[in-house]
Amino acid sequence: MSFQKKVITIERHIIEGERAHPGATGDFSGLLRDFMLACKIIWREVSKAGLVNILGAAGKENIHGDQVKKLDVFADDAIYKAMDHGGHLCVMASEENEDVLHIPDKYPTGKYVLLYDPLDGSSNIDANVSIGTIFSIYRRVSPSGKGTMQDCLQPGYKQVAAGYVVYGSSTMLVYTTGDGVHGFTLDPGIGEFLLSHENIRIPKRGKIYSVNEGNYRYWFDGVKKYVKYLQEEDKTTNRPYSGRYIGSMVADIHRTLLYGGIFMYPGDTRHPDGKLRLMYEANPTAFLVEQAGGRASNGNDRILDITPKSLHQKTPLFIGSAEDVCIAEEFMQGKRQLQPVAAS
Ligand code: AHM
Ligand code: MG
């Protein structure tokens with residue numbers, strides 16, 4: 001008789017993880033369960049995105065006479081509404097909102113803090129390119145009651161969990177609670193995330209670099225030299241690397257996590273802090289990549305050590321295989337220069 005392989009749902013995985021920590025209350029698994037529900041609701045809408053022209057364009061009324069929301073606004077709303085009443089959170093913050101998001105008075109507050117980017121890469125939706133939701137969870141630092149800005153402005157190393165959902169050719173959830181990185185693929189038939197990638201490890205060094213080269217003329221010297229270095233030929237270090245840039249951070253990070261290499265969004269002369277947000281994009285992906293054995297830096301400092309000053313602050317980001325990010329840092333800090341190419 002043949003038995004099916006053990007099927008592990010995300011819920012089972014979280015509960016079994018909690019059991020390993022005596023004293024766990026189940027609060028955390030409840031929080032993640034609520035979050036997964038929101039992601040499934042977003043996935044359902046995202047997978048209908050191509051039908052918008054048939055069912056009604058964003059901002060217009062659809063055939064049912066309902067107002068059609070832009071998908072990023074829809075996603076933002078779906079997460080807030082799934083998370084506001086469970087009693088697990090004391091405050092939230094979202095890339096889509098200027099200020100922190102309080103828990104309504106009628107609901108209890110809890111000990112965790114949630115920061116999220118509801119739909120990253122949403123400018124790619126119309127081209128059917130993968131997009132994603134990113135989340136980051138902290139323990140509250142304020143004593144009780146409503147959470148505060150201080151609860152949200154904690155350095156990344158204090159995260160208790162982080163992850164993303166990538167809505168791609170299949171929909172996957174990748175998360176960490178500081179005990180390795182695990183990936184789950186959504187089985188649309190039963191609406192469950194099933195363990196498909198246990199204990200993901202990023203290769204020490206990759207063969208792919210990922211950056212928006214359209215910004216080349218605005219890059220600082222270190223970035224120009226580093227990218228040139230990656231394009232040079234050297235068999236011992238597998239160069240030249242291949243270039244891959246989706247322009248959807250979750251998808252670019254997901255590939256980097258699985259195949260190795262480096263993803264970067266550097267600062268440049270127009271935007272010295274780059275484009276990506278520390279709290280919603282850099283910190284959670286840095287936590288994940290470090291947990292998988294990789295490295296994440298702003299060129300000088302470890303991302304997770306940065307003390308945040310404001311909710312929406314931006315940071316340059318170099319993230320991926322440890323050896324690749326180390327070399328990038330050496331170029332950014334002027335410690336490494338291009339070697340003169342030997343005459344052939
Ligand atoms: P968004 O949060 O407005 O979607 O912007 C973030 C996205 C990332 O997913 C992606 O890495 C980056 O913007 C791409 O930016 P660019 O078009 O400048 O290369
Ligand atoms: Mg974003």
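**Exercises on strands, a metal site and a ligand**

Leu194, in S8, is the bridge partner of Thr185. Helices (H or I, at least four residues) and strands (E, at least two) are DSSP runs, numbered from the N terminus. The model is predicted: local features need pLDDT of at least 70, side-chain atom pairs count only at pLDDT 80 or more, and totals for chains, interfaces and linings use all residues. Residues are numbered from 1 along each chain as its sequence is written, chains are lettered from A and ligands numbered from 1 in the order in which they are written, and side-chain values use heavy atoms, with hydrogens and water left out.

**Exercise 1. Find how S7 is joined to S8 and to S6.**

Step 1. Start with S7 and S8. They run antiparallel and are joined by five bridges. Two strands count as paired if DSSP finds at least two bridges between them.

Step 2. Look at the turn. S7 and S8 make a hairpin with four residues between them, and Gly191 in this turn has a positive phi of about 65 degrees.

Step 3. Turn to S6. S6 pairs with S7 in the antiparallel sense, over five bridges. Val174 stands opposite Gly183 in S7. Four residues separate S6 and S7 in their hairpin, where Gly178 has a positive phi of about 90 degrees.

Step 4. Five of its seven residues are buried, so S7 is largely enclosed by the rest of the structure. Buried means under 20% relative accessible area, exposed over 50%, and partly exposed in between (1.4 Å probe, protein chains only).

**Exercise 2. Give the strand order of the open sheet and name the strands at its edges.**

Step 1. Read the order. Eight strands form an open sheet, S2-S1-S3-S4-S5-S6-S7-S8, with mixed pairing.

Step 2. Find the edges. S2 and S8 (192-197) each have a single partner strand, so one side of each has no neighbour in the sheet.

Step 3. Inspect one pair. S3 and S4 (residues 131-139) are antiparallel over seven bridges. The partner of Asp120 in S4 is Gly132.

Step 4. Contact means heavy atoms within 4.5 Å. Axes are lines fitted to C-alpha atoms, for helices over the stretch in contact, and angles run from 0 to 180 degrees between N-to-C directions. Helix H4 (residues 71-83) lies across S1, S2, S3 and S4, at about 160 degrees to S3.

Step 5. Ask how covered H8 is. Twelve of its 14 residues are buried, including Glu281. Gly293 follows H8 and has a positive phi near 100 degrees.

**Exercise 3. Which residues are the protein donors of the magnesium ion (ligand 2)?**

Step 1. List them: Glu95 (OE), Asp117 (OD), Asp120 (OD) and Glu281 (OE), at 1.9 to 2.5 Å. Donors are N, O and S atoms within 2.8 Å of the metal (3.2 Å for Na, K and Ca); water is not among the atoms, so sites may look incomplete.

Step 2. Write the spacing of these donors along the chain: E-x21-D-x2-D-x160-E.

Step 3. Glu95 sits in the loop between S1 (89-94) and S2 (101-102), and Asp120 in S3 (residues 112-120); they are 25 residues apart.

Step 4. Check accessibility. Glu95 counts as buried at 19%. Asp120 is buried at 8%.

**Exercise 4. Which residues come nearest to ligand 1, and which side chains have an N or O atom beside one of its oxygen atoms?**

Step 1. Take the surroundings. There are 14 residues around ligand 1, and Asp120, Gly121, Tyr245, Met249 and Tyr265 come nearest. A residue is near a molecule or strand if one of its heavy atoms lies within 4 Å of it.

Step 2. List polar contacts. A side-chain N or O atom of Tyr245 is 2.5 Å from an oxygen atom of ligand 1. For Asn212 the distance is 2.8 Å. For Lys275 it is 2.9 Å. A polar contact is a pair of N or O atoms within 3.5 Å; within protein, one must be able to donate a hydrogen and the other to accept it, and residues adjacent in sequence count only if both atoms are side-chain atoms.

**Exercise 5. Is Asn128 buried or exposed?**

Step 1. Locate Asn128: the loop between S3 and S4.

Step 2. Read its area. Asn128 is exposed, at 73%. Its phi is positive, about 60 degrees, although it is not a glycine.
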